[in-house]
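Okay, thanks everyone, I'll keep this short. Have a look at the model first, and then I'll walk you through it.

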Amino acid sequence: MIKIAVCGAAGRMGQRIIVAAVEAGCTISGALERPGHPQVGQDAGLIAGVGSLGVAISDDLNKVVEGCDVLIDFTTPKVSLKNLEICGLKKKAIVIGSTGFTPEERALAAELAKDIPAVLAPNMSVGVNVCFKVLKDVAKTLGDDFDVEIVELHHNKKKDSPSGTAVRMGEVVAEALGRDYNQVANYHREGICGERTKEEIGMQTVRGGDIIGEHTVYFIGQGERIEISHRAMTRDMFSRGSVRAAKWIVGKAPGLYDMQDVLGLK
Ligand SMILES: NC(=O)C1=CN([C@@H]2O[C@H](COP(=O)(O)OP(=O)(O)OC[C@H]3O[C@@H](n4cnc5c(N)ncnc54)[C@H](OP(=O)(O)O)[C@@H]3O)[C@@H](O)[C@H]2O)C=CC1
Ligand SMILES: O=C(O)C1=N[C@H](C(=O)O)C[C@H](O)C1
């Protein structure tokens with residue numbers, strides 16, 4: 001069985017990833033938090049609610065990476081890029097679920113993954129990845145006659161906006177329509193901002209309470225509208241997806257993969 005280390009082990013996702021890995025029969029070889037985190041030194045299994053695993057949460061990145069086959073990392077882009085660098089030096093696989101990467105940071109991630117197998121995906125659920133596939137077909141079929149707007153809702157602790165999933169949805173639709181997402185994404189409408197352009201893709205964000213994650217892509221035409229929605233009811237399909245990706249990526253050729261590769265949806 002593969003040895004998994006979890007970075008961000010005391011976080012919302014980190015705890016659920018430990019549960020999913022244990023349920024999948026994997027060994028938790030290490031758990032990481034930043035130096036000074038109040039839960040460093042505590043048992044990762046007790047924090048996650050699966051009973052003692054005999055694995056203390058550590059702040060020693062090098063040591064934890066050395067002891068694992070694959071690192072699963074749900075933290076922030078800056079932390080994930082550092083983890084990619086260390087996994088590269090130690091020739092270990094990595095699965096990254098962090099979101100909020102700038103285009104430059106994504107390019108750097110691809111560069112750092114040249115020598116090791118890595119999965120980087122903004123959403124590890126099967127449902128969302130099937131939506132990505134469906135969205136491509138719908139956008140291509142409808143063409144330019146329908147206005148595209150994307151709305152996402154998340155909990156009030158989320159740090160990045162729009163969500164990585166909403167951005168990927170925008171990219172998929174833009175590419176299918178022959179547009180450049182970074183040119184056509186419209187994140188802000190206020191005051192007398194003028195009529196909507198045909199090309200733009202509106203990106204709207206709602207934050208509140210404990211919403212786990214909801215995404216809707218609207219294709220709005222004359223007298224009709226298509227809505228493609230995904231609603232997450234728990235975090236467990238993200239964590240199960242990350243463990244599935246971890247099992248899949250160990251032993252693969254170096255390079256940057258996404259969840260579409262893991263799920264065979266390409
Ligand atoms: N791809 C997917 O399927 C999904 C992706 N996500 C993404 O995952 C990320 C994490 O989300 P979530 O779990 O809710 O966030 P949390 O803030 O609950 O968890 C992140 C954890 O990482 C810790 N951390 C920060 N810096 C370091 C460091 N240098 N080394 C080790 N650990 C560190 C944080 O500690 P501290 O609190 O001290 O900062 C925290 O415990 C986000 O980017 C989110 O968007 C979320 C769900 C699904
Ligand atoms: O921060 C979250 O919680 C989530 N983030 C991911 C994103 O930004 O797309 C995925 C999921 O919606 C939950």
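This is a predicted model: local features need pLDDT of at least 70, side-chain atom pairs count only at pLDDT 80 or more; totals for chains, interfaces and linings use all residues.

Residues are numbered from 1 along each chain as its sequence is written, and chains are lettered from A and ligands numbered from 1 in the order in which they are written.

Now the sheet. Seven parallel strands make an open sheet, ordered E3-E2-E1-E4-E5-E6-E12; pairing takes at least two DSSP bridges, and strands are DSSP E runs of at least two residues, helices H or I runs of at least four, numbered from the N terminus. At the edges sit E3 (57-58) and E12 (255-257), each pairing on one side only. E1 (residues 3-7) and E2 (residues 27-32) share five bridges, and Ala 5 partners Gly 30 there.

And what surrounds ligand 2? It's Thr 99, Pro 122, Asn 123, His 154, Lys 158, Ser 163, Gly 164, Thr 165 and Gly 213, near meaning a C-beta atom, placed from the backbone, within 6 Å. Both domain 1 and domain 2 give at least three residues each to that shell.

Note on methods
Domain bounds come from an automatic or database domain assignment.
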